[in-house]
Amino acid sequence: MMILEEIQLTDAGPVNLRFADGGAFFREVRLPGAAVDDLPTEAQSQIAAHWTPARIAAFEAARMQAETDWQAELNAMRGPTTGVHVNAERERRISRGRAFSVSGYGDVPLTGRGRDQLLLMGLLVKAQTLVASGVTDPVMTVRDANNLKHILTPAQMVELLSAGMAWIEAVMAVSWAMKDGDAPFEAGIPEDVTSDQWWP
């Protein structure tokens, strides 16, 4: 059973949570305005008081500014397209993530930031262990890119997270092919590395 052990309120708005599940520990970040109804009542009240309208607005403004700054930085690097551009686009795509279809359930959108990958890898290992133990009930929970909760069977969790990991590997492979001049990039790195046509 997951037990909330620690709440850290940041000045910028996001809330860092630390959960204990048996002998394992998990960390999660809730962004301002996200659902918190799955948390204990006291924690909900504490977070609601922290997420004032002004703080939520400031967080959204900062997030939009960060996206604008990233685009400006990418545009400033324009000139001959290089591996720097490829790396920037690869990381942007992985961080943004995508939706993955789960058999018997539907689509689940996931993000692939570094901390996301660590959390999802832990869930994958746990799901594989439950599958090996013969557990078939929907007993596993994952929060998606929109902070919505999905309750899946261990087999569905393995399917979801395996697809996510395979997609990240595919994105990485494209970036390497671009920089190494491998097929279909024998002519070099495309001028517009942000075009969806190049990426999985």
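Arg93 touches Trp167, Thr194, Ser195, Asp196 and Trp199, leaving aside residues up to four places away in sequence; contact means heavy atoms within 4.5 Å. This is a predicted model, where local features need pLDDT of at least 70, side-chain atom pairs count only at pLDDT 80 or more, and totals for chains, interfaces and linings use all residues. Residues are numbered from 1 along each chain as its sequence is written, and side-chain values use heavy atoms, with hydrogens and water left out.

- Arg93 lies in helix H3 (residues 83-96); helices (H or I, at least four residues) and strands (E, at least two) are DSSP runs, numbered from the N terminus.
- Arg93 is buried, at 5% relative accessible area. Buried means under 20%, exposed over 50%, and partly exposed in between (1.4 Å probe, protein chains only).
- The structure holds two aromatic pairs. In one of them, the ring centres of Phe100 and Trp167 are 6.0 Å apart and the planes meet at 70°, so the pair is edge-to-face.
- Rings of Phe, Tyr and Trp (its six-membered ring) pair if their centres lie within 6.5 Å; planes under 30 degrees apart count as stacked, over 60 as edge-to-face and the rest as tilted.
- Phe100 sits in strand S4 (residues 98-102) and Trp167 in helix H5 (residues 154-180), 67 residues apart.
- Phe100 is buried at 5% relative accessibility, and Trp167 is buried at 9%.

**The S6-S7 hairpin**
- Strand S6 (residues 140-143) and S7 pair in the antiparallel sense over four bridges. Two strands pair if DSSP finds at least two bridges between them.
- Five residues separate S6 and S7 in this hairpin, and Asn147 in the turn has a positive phi of about 65°.
- Met140 stands opposite Leu152 in S7.

**Helix H4**
- Arg115 belongs to helix H4 (residues 114-132).
- Arg115 is partly exposed, with a relative accessible area of 46%.
- The C-alpha atoms of Arg115 and Val29 are 9.4 Å apart, though 86 residues separate them along the chain.
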